[in-house]
Amino acid sequence: MRMMEVAGEIGDGVVLNYMVSPEYNKRALEALAAGADRAGRSLASIDRPQLVVCSVDPDREVALDRSRELLTQYLGQQPHIMKASGVDPRLIEEIGKMLTWPASQEDIRRAMRLVPDEAVQMISASGTPDECRAKVAEYVASGATCPILYPLGDDVRLMIDTFAPAAIE
């Protein structure tokens, strides 16, 4: 979190990471605010857009499985990010045992079976349109000033329609 403090001290904004939980954002913003305070500035003066993995589908399981695949890769290859987001350390350890570097598609598919829906929904906006809108709102409530949606799946139009102003109001 030291780099977030430095960003708060010297930057006009930061792009908050993706594949992190809203709880992670709260800690990141505390560090950003500490740096801003040292520079005599407020957190409100710092722009905070955030990348958000978004897998939307009328079939909840399809949407979750798309994100589950990406999450599984991150659990095996970026465990430090997953630990910082609050993913169960036992899950991280089990996935780490299954995935070698580089992980094959077969390895990822096999390891995906260990990743519960709760972990997927903790670090992404995945599920039905209503679930995705609610999760993106959670990221905004935890400090993101503008979500940058990272679409998973082929139906990008559905994601656009899900977040079009008429759908949100």
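Biologist: What makes S1 and S2 a pair?

Modeller: Two strands pair if DSSP finds at least two bridges between them. S1 and S2 have three bridges, in the parallel sense, so they meet that definition. One of those bridges joins Cys54 to Ala125 in S2. A caveat: this is a predicted model, where local features need pLDDT of at least 70 and side-chain atom pairs count only at pLDDT 80 or more, while totals for chains, interfaces and linings use all residues. Residues are numbered from 1 along each chain as its sequence is written, and side-chain values use heavy atoms, with hydrogens and water left out.

Biologist: What makes something a strand or a helix here?

Modeller: Both are DSSP runs, numbered from the N terminus: helices (H or I) need at least four residues, and strands (E) at least two. Strand S1 covers residues 49–56, and S2 covers 125–127.

Biologist: How do you know which strands stand at the edges of the sheet?

Modeller: The order is S2-S1-S3, in an open sheet of three strands with parallel pairing. S2 and S3 (146–151) each have a single partner strand, so one side of each lacks a neighbour in the sheet. On average, neighbouring strands are turned by 25 degrees against each other, direction ignored.

Biologist: How many bridges join S1 to S3?

Modeller: Six, and those two strands run parallel.

Biologist: Why is Leu51 called partly exposed?

Modeller: The cut-offs are under 20% relative accessible area for buried, over 50% for exposed, and partly exposed in between (1.4 Å probe, protein chains only). Leu51 has 30%, so it counts as partly exposed. S1 itself is mostly covered, with seven of its eight residues buried.

Biologist: What does Leu51 touch?

Modeller: Leaving out residues up to four places away in sequence, Leu51 touches Val15, Leu16, Asn17, Tyr18 and Ile148. Touching, or contact, means heavy atoms within 4.5 Å.

Biologist: How do you know that Cys54 is in no disulfide?

Modeller: A disulfide is a pair of cysteine sulfur atoms within 2.5 Å. The structure holds zero disulfides. For Cys54, the nearest cysteine sulfur is that of Cys132, 4.4 Å away, which is too far for a bond. Both cysteines are buried: Cys54 has a relative accessible area of 1%, and Cys132 has 0%.

Biologist: Which core includes Cys54 and Cys132?

Modeller: A nonpolar core is a set of buried Ala, Val, Leu, Ile, Met, Phe, Trp, Tyr and Cys residues joined through side-chain atoms within 4.5 Å. The largest one has 37 residues, where Met19, Leu71, Leu75 and Met82 touch the most other members. H2 gives the largest share of that core, six residues. Cys54 and Cys132 belong to a second, separate core of ten residues, which also includes Val52 and Met159.

Biologist: Why does Met19 count as buried?

Modeller: Its relative accessibility is 2%, so Met19 counts as buried. Met19 lies in the loop between helix H1 (2–10) and helix H2 (22–38). Its phi is near 65 degrees, a positive value in a residue other than glycine.

Methods:
Axes are lines fitted to C-alpha atoms, for helices over the stretch in contact, and angles run from 0 to 180 degrees between N-to-C directions.
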